[in-house]
Amino acid sequence: MAARSQLLYSAAAIRRLLDLPASATVQIKEFGQVLWVWVQGQRPTFVSKADLKQHFVQRRQAEAQKLTVVDWLRTPERYTVRSQQGDKDYWVTCTDGALRCTCADYQRQLTTFGRGCCKHGYAVLQHLGYSSLQTYQADRAVHASSLADPRTAHQSTSSDNHTGGQQLKLLAS
């Protein structure tokens, strides 16, 4: 399998998804939208690639809940995220509707997929009140278009009064 597949469809991810011990021997072969998975001592099974992609994101979102995020008051689009052990800090920067992180996982995703979001990025999204990267990007797109057209900004902020002020919070930042 290529590096792209190894990142998403790893034996470790299969073990987690199928609730197998870390020592379980697993073989994986790709077939269209599924993976053929053989676990030593068991019958082969098929696992959806979509399920593994969802697992990839959900695992990082779950790990993000354990992290501490600190705002940079002088630089509102920059955050420090402390590792779970508390011994390392990662910088997450929000630019152009994307989150960039200094961690190895983000760099690996960026190299492999051309984009990505690590657990530190998800921690920042949760800190800002977003449940997904897509929601954040959609709000940033609305924010960018409202800056280009002041009439749109007025329309956006008036509708925010009915949606909890999420976009108003972004316009104020």
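A polar contact is a pair of N or O atoms within 3.5 Å, where, within protein, one atom must be able to donate a hydrogen and the other to accept it. The model is predicted, and the account below should be read with that in mind.

**Around Asp105**

Asp105 lies in helix H4, which spans residues 104–113. Its side chain makes a polar contact of 2.9 Å with the side chain of Arg60. When residues up to four places away in sequence are set aside, Asp105 touches Arg60 and Cys118. Is Asp105 buried or exposed? Because the relative accessibility of Asp105 is 16%, and buried means under 20%, this residue counts as buried.

**The sheet and its helix**

Three strands, in the order S1-S2-S3, form an open sheet with antiparallel pairing. Strands S1 and S3 are the edge strands, each of them pairing on one side only, and the twist from one strand to the next averages 30°. Helix H3 packs on this sheet, where it touches S1, S2 and S3, and the direction of H3 makes about 55° with that of S3.

| Strand | Residues |
|---|---|
| S1 | 26–31 |
| S2 | 34–39 |
| S3 | 45–48 |

Between S1 and S2, which run antiparallel, there are six bridges. Gln27 has Trp38, in S2, as its bridge partner. Helix H3, the element that packs on the sheet, covers residues 49–64.

Technical notes:
Residues numbered from 1 in each chain as written. Predicted model: local features only at pLDDT ≥ 70, side-chain atom pairs only at ≥ 80, totals over all residues. Heavy atoms only, no water. Pairing = 2+ DSSP bridges. Helix = DSSP H or I, 4+ residues; strand = E, 2+ residues; numbered from the N terminus. Axes fitted to C-alpha atoms, helices over the stretch in contact; angles between N-to-C directions. Contact = heavy atoms within 4.5 Å. Buried < 20%, exposed > 50% of the residue type's maximum accessible area, 1.4 Å probe, protein only.
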